[in-house]
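Hi,

Here is the structure I promised to send over. Have a look at it first, and then read on for my notes.

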Amino acid sequence: MNLQYLRYIAQISTLGSINKAAQTLYVSQSTLSRAVQAVEEEAGITIFNRYNKGVTLTHEGEILLKRVNRIISELDELESDYAGHINASDDEQTLFLGEQRMTLSIEAYNRMYEKYYKKNEYLNVIIKEGSRQDILRAIGNDDVRLGLLYCTSNEIMMFRAECEALNLTYTILDQQPLCVQVGENHPLAGRETVNIRELSPYPRVAFMDEDVSGINYCADTQRLNTNIVKKRILVQERGSLREVLIGTESYYIGTWYRFNRAGTDRPVATIRCIPLEDYGIKIYVMSVHRTGRALSRMERRFIQELQGIIREEKESKGVESDEEAEE
């Protein structure tokens, strides 16, 4: 039997919920469901009784779990006994992160570094920025271990297919409204919502690997609209994007997260994020890793810091935290 699947089952039993277990393990609910199904088929038993609010062990499941717990306990003890013979653990010194130009990811890393790794003798961190496809391929090739990506709600089925094709697992960390980002001096900066037609006189700024023919946040959302943008400004780095928004009457389609100087509460500049009222579309924030590979301690800490920042964002805007989206 797959040892990782057995660990999943133990965690589900402890929490009494596949959803809660998915949150603590940083894997998708569908991954846990498939793991349970695989073990059930191999063992020829039903492990959990499933209810709307959670799961309970069947009699056969209780018997299986007792043996699973013994196996896990012995393995953990074995690893602990021999851990001293291993040089600095990858869990404690290595982070290979791929992110889709997510400003909050850098702030999350900085917080994690200050809290856990500032005094480390060794540290090996690689942060790669790129498009969604670039990051997914990098994770699939094991060039990147953990990815942070965006995906719009109308593209979730395509995103799921891409992950399955590359044998990747994703978890939805947050969902946000689709927003227009403008500088504080933009003529529309005082609006509570913006209609897509009101943006037509203004330049659309986007990254070079994005499609700018519609209202898409990135190349993966180009199906949202087929309007032709009359004025466009293409940039390569998010620093350039910020400066263009501040200095011109340009706009950008993206998230509602603030632009902060990493590690402080002082905004780099006032960027207004205004909900786009034309479409009932949201942007998901995803973590992605290779299926079957448990996240390292450093990766789990990084995601915890990111989720903390997301909660702060919601609280600052008076928004209640969403439950993790169902698969």
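Tyrosine 116 is partly exposed, with a relative accessible area of 32%. Bear in mind that this is a predicted model, so everything below is computed from predicted coordinates.

What sits over the face of tyrosine 116? That would be arginine 301, at 4.0 Å from the ring centre. Searching the whole structure turns up 4 aromatic pairs, and one of them joins tyrosine 116 to tyrosine 117. A pair of aromatic rings is described by the distance of the centres and the angle of the planes. For these two tyrosines the centres are 6.1 Å apart and the planes make an angle of 55°, which makes the pair tilted. Is tyrosine 117 buried or exposed? Tyrosine 117 counts as buried, at 1% relative accessibility.

Now the chain as a whole. You'll find 10 helices and 12 strands in its secondary structure. The chain has 327 residues, and 46% of them are buried. If you take the contacts between residues at least 6 apart in sequence, 75% of them join residues at least 24 apart.

Next, the sheet. There is an open sheet of 5 strands with mixed pairing, and its order is β4-β3-β5-β12-β6. The edges are taken by β4 (124-129) and β6 (168-177); each has a single partner strand, so one side of each has no neighbour in the sheet. From one strand to the next, the twist averages 20°.

β6 pairs with β12 (residues 282-290) in the antiparallel sense, over 9 bridges. If you want to trace the pairing on screen, tyrosine 170 has valine 288 in β12 as its bridge partner, while glutamine 176 is bridged to isoleucine 283 in β12. How many residues of β6 are buried? The count is 9 of 10, so β6 is largely enclosed by the rest of the structure, even though β6 stands at an edge of the sheet.

On to the inside. The largest nonpolar core contains 34 residues, and Val180, Leu199, Phe302 and Leu306 have the most contacts inside it. Two or more residues each come from β3 (94-99), α6 (103-117), β5 (146-152), β7 (179-183), β12 and α10 (297-316). The biggest share is from α10, which gives 6 residues. A second, separate core has 20 residues, including Tyr8, Val39, Ile47 and Val68.

Leaving aside residues up to four places away in sequence, valine 180 touches Val194, Leu199, Tyr251, Tyr252, Ile253, Arg272, Cys273, Ile274 and Leu276.

One last stop, at histidine 59. This residue lies in helix α4 (residues 59-82). Histidine 59 has a relative accessible area of 56%, and because the cut-off for exposed is over 50%, it counts as exposed. Histidine 59 and phenylalanine 48 are 11 residues apart in sequence, and their C-alpha atoms are 9.0 Å apart in space.

Cheers

Terms used:
Residues are numbered from 1 along each chain as its sequence is written. This is a predicted model: local features need pLDDT of at least 70, side-chain atom pairs count only at pLDDT 80 or more; totals for chains, interfaces and linings use all residues. Side-chain values use heavy atoms; hydrogens and water are left out. Two strands pair if DSSP finds at least two bridges between them. Helices (H or I, at least four residues) and strands (E, at least two) are DSSP runs, numbered from the N terminus. Axes are lines fitted to C-alpha atoms, for helices over the stretch in contact, and angles run from 0 to 180 degrees between N-to-C directions. Buried means under 20% relative accessible area, exposed over 50%, partly exposed in between (1.4 Å probe, protein chains only). A nonpolar core is a set of buried Ala, Val, Leu, Ile, Met, Phe, Trp, Tyr and Cys residues joined through side-chain atoms within 4.5 Å. Contact means heavy atoms within 4.5 Å. Rings of Phe, Tyr and Trp (its six-membered ring) pair if their centres lie within 6.5 Å; planes under 30 degrees apart count as stacked, over 60 as edge-to-face and the rest as tilted. A charge sits over a ring if NZ of Lys or CZ of Arg is within 6 Å of the ring centre and within 35 degrees of the ring normal.
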